[in-house]
Amino acid sequence: MIGLFAALAVSLGLAGCGVVSGGSSDSTADAQGNRTITDSTGAEVTIPASPKKVVTLSEPTLDGALALDVTPAGTTSGRGQKTAPGYLGDRAASIPIVSDVANPNFEEIGKLKPDLILTDGTSINDDAQIQQLKAIAPVVIAGEAGGSWRDNFGIVADALNKADDGKKVVQNYDDHVQQVKSGLGTYQDKTFSIVRWQGNTASLILKELLPGQALEDLGLKRPENQDRAGAGHSEPVSLENLSEIDADYMFFGTLGGSSVGNADAGGATDEQGAKDALRQAVAVPGFTDLNVYKQQHVFLVDGSRWTSTGGPILMDSLITDVQQKLDGAQ
């Protein structure tokens, strides 16, 4: 199967240069080499037609830039992580971290001398912080928490003057979805839960979050109580209501015990971290009574991918994960 990046590389001949080039946009550069675009807030932002140093201060904008073969000069750490989001692997490993979620380091960002800053409501929602960032470089806000990843990515692609390339990335994703969906007939009547386990508590990933959008794209059902959108973040479940996480199948991940408010709590976010979290979960009264546990249909997954946020790279990898996990369950 040709994944998102392999297909994009074949069709575009892209190479990792770290400098924005190629693609096209509806707007044209003025005499000073600038363009004006409209961001998700409706604000018109004047930005370089060919930005050379881009800082991404959210997981979706980082993911989107990398999907367009643009390596940011600086970026954010992933939720509950001290590094870039784990699911991005080597793609983001060498990018300097100049922020964690909701806490940009203005001094370090300023040292980079960026000519464009990309962020969104999944990370920075404080207007005072936005104004401080605008004093450093033009700021494009690409979307809100719980919003459409496609819309967010479209704004990122426009800001990087790579709108056409962005459309090809999305088309490759849609093609991948259709390919995988065609082989999931056995599971069309089953229900799927997505759970983040932190310490001794569970949270649900609902339909508006990216893993929920991926399951919906694939035509896979959620349990009735999960067949809804939430507030743009995971929804805690009390231990008294633990049955709310039950389903025919479950994607189970963790952010290692960490959270936005406590990034130093430690622990892993990968499948080994999920395995450790499952050991904690089975010690909680009621967890082993769940039908999904009794049927051994709990899939351990990378929490940085399944219980956080991102862009087209994350979405494409979720589709691959679903196919591999369900193929392995047969």
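The model is predicted: local features need pLDDT of at least 70 and side-chain atom pairs count only at pLDDT 80 or more, whereas totals for chains, interfaces and linings use all residues. Residues are numbered from 1 along each chain as its sequence is written, and side-chain values use heavy atoms, with hydrogens and water left out.

Remain with α8, which comprises residues 271-282. Helices (H or I, at least four residues) and strands (E, at least two) are DSSP runs numbered from the N terminus. The 12 residues of α8 reach 16 Å from first C-alpha to last, close to the 16 Å expected at 1.5 Å a residue; the expected span is 1.5 Å times one less than the number of residues. Contact here means heavy atoms within 4.5 Å. At the start of the helix, select D270: one of its side-chain oxygens reaches to within 3.2 Å of the backbone nitrogen of Q272.

Now turn to the open sheet of 6 strands, whose order is β6-β5-β4-β3-β7-β8, with mixed pairing. Two strands pair if DSSP finds at least two bridges between them. β6 (103-104) and β8 (139-141) stand at the edges with a single partner strand each, so one side of each is left without a neighbour in the sheet. Within the sheet, select β4 (residues 74-76) and β5 (residues 97-100), which run parallel and are joined by 2 bridges. T75 stands opposite I97 in β5.

Display helix α4 (residues 127-134) next: it lies across β6, β7 (116-119) and β8, running at about 140 degrees to β8. Axes are lines fitted to C-alpha atoms, for helices over the stretch in contact, and angles run from 0 to 180 degrees between N-to-C directions.

Finally, select F106 in helix α3 (residues 106-112). Which residues is F106 in contact with, leaving aside its neighbours within four places in sequence? They are Q129, Q132, L133 and I136. F106 and L133 are 27 residues apart in sequence and 7.1 Å apart in space, C-alpha to C-alpha. F106 counts as partly exposed, at 22% relative accessibility.

Notes. Buried < 20%, exposed > 50% of the residue type's maximum accessible area, 1.4 Å probe, protein only. Polar contact = N/O pair within 3.5 Å; in protein donor to acceptor, adjacent residues only side chain to side chain.
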